[in-house]
Amino acid sequence: MDLRDVAANVVHDYPGGAPSLAPRIGKNATTLAHEVHGTGAAKLGLLDAEKITLRTGDLRILEAFALNCGQALIPLPDVVDGQVHECMSRLAVTAREFGDLCSEVSNSLIDGVINDNELARVDRECGELISSLRTLRESLAHLNTQSKPVSEVKTKGRS
């Protein structure tokens, strides 16, 4: 996947395009347009790609970078309050994510062939399930810690 094409699409898809996005990341609009299109010697830097991703909330550059490196993204879990209802809610989300994975796999197997797009969708569903499992685990660990007397709580990094 061509990162320059992906970056150009992200910038183009931002409301107002490069003229609107550029000042928000500390760039001149013409410079940004040249960088994402590879005009002349212009090239988009890694820190600017990060700024674009953070400002737009669009993960396509990050996803393409990961894909090109044979990796997948897994969202980090949100901070959880550790209450029982939170744990049950996280369990329900995890069950739904597992169902989504099963659905994607079964739909992809209908013709007995897995194409690149189907595999990418399965990979995405796997990542979402893993993220959900991690979030559930964090909720349960927090609840576990809350239920112990302070004298029994271990400090991270110590046994």
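Biologist: Which residue's side chain makes a polar contact of 2.8 Å with the side chain of Asp-48?

Modeller: Keep in mind that this is a predicted model. The residue sits in the loop between α2 (17-21) and α3 (29-37). Its side chain reaches that of Asp-48 at 2.8 Å, and the residue is Lys-27.

Biologist: Okay, and is Lys-27 buried or exposed?

Modeller: Its relative accessible area comes out at 19%. The cut-off for buried is under 20%. So Lys-27 counts as buried.

Biologist: Let's switch to the helices. How are α1 and α5 oriented to each other, roughly parallel or roughly antiparallel?

Modeller: Helix α1 covers residues 3-13 and helix α5 covers residues 60-68, and they pack at about 170 degrees with axes 9 Å apart. Angles over 145 degrees count as roughly antiparallel. Therefore α1 and α5 are roughly antiparallel.

Biologist: What residue classes make up the contact of α1 with α5?

Modeller: From α1 come Leu-3, Val-6, Ala-7, Asn-9, Val-10 and Asp-13. From α5 come Arg-60, Ile-61, Ala-64, Phe-65 and Asn-68. Sorted by class, that's seven nonpolar, two polar and two charged residues.

How values were computed: Residues numbered from 1 in each chain as written. Predicted model: local features only at pLDDT ≥ 70, side-chain atom pairs only at ≥ 80, totals over all residues. Heavy atoms only, no water. Axes fitted to C-alpha atoms, helices over the stretch in contact; angles between N-to-C directions. Helix = DSSP H or I, 4+ residues; strand = E, 2+ residues; numbered from the N terminus. Parallel < 35°, antiparallel > 145°, perpendicular 65-115°, else oblique. Contact = heavy atoms within 4.5 Å. Nonpolar A, V, L, I, M, F, W, Y, C, P; charged D, E, K, R; others polar. Buried < 20%, exposed > 50% of the residue type's maximum accessible area, 1.4 Å probe, protein only. Polar contact = N/O pair within 3.5 Å; in protein donor to acceptor, adjacent residues only side chain to side chain.
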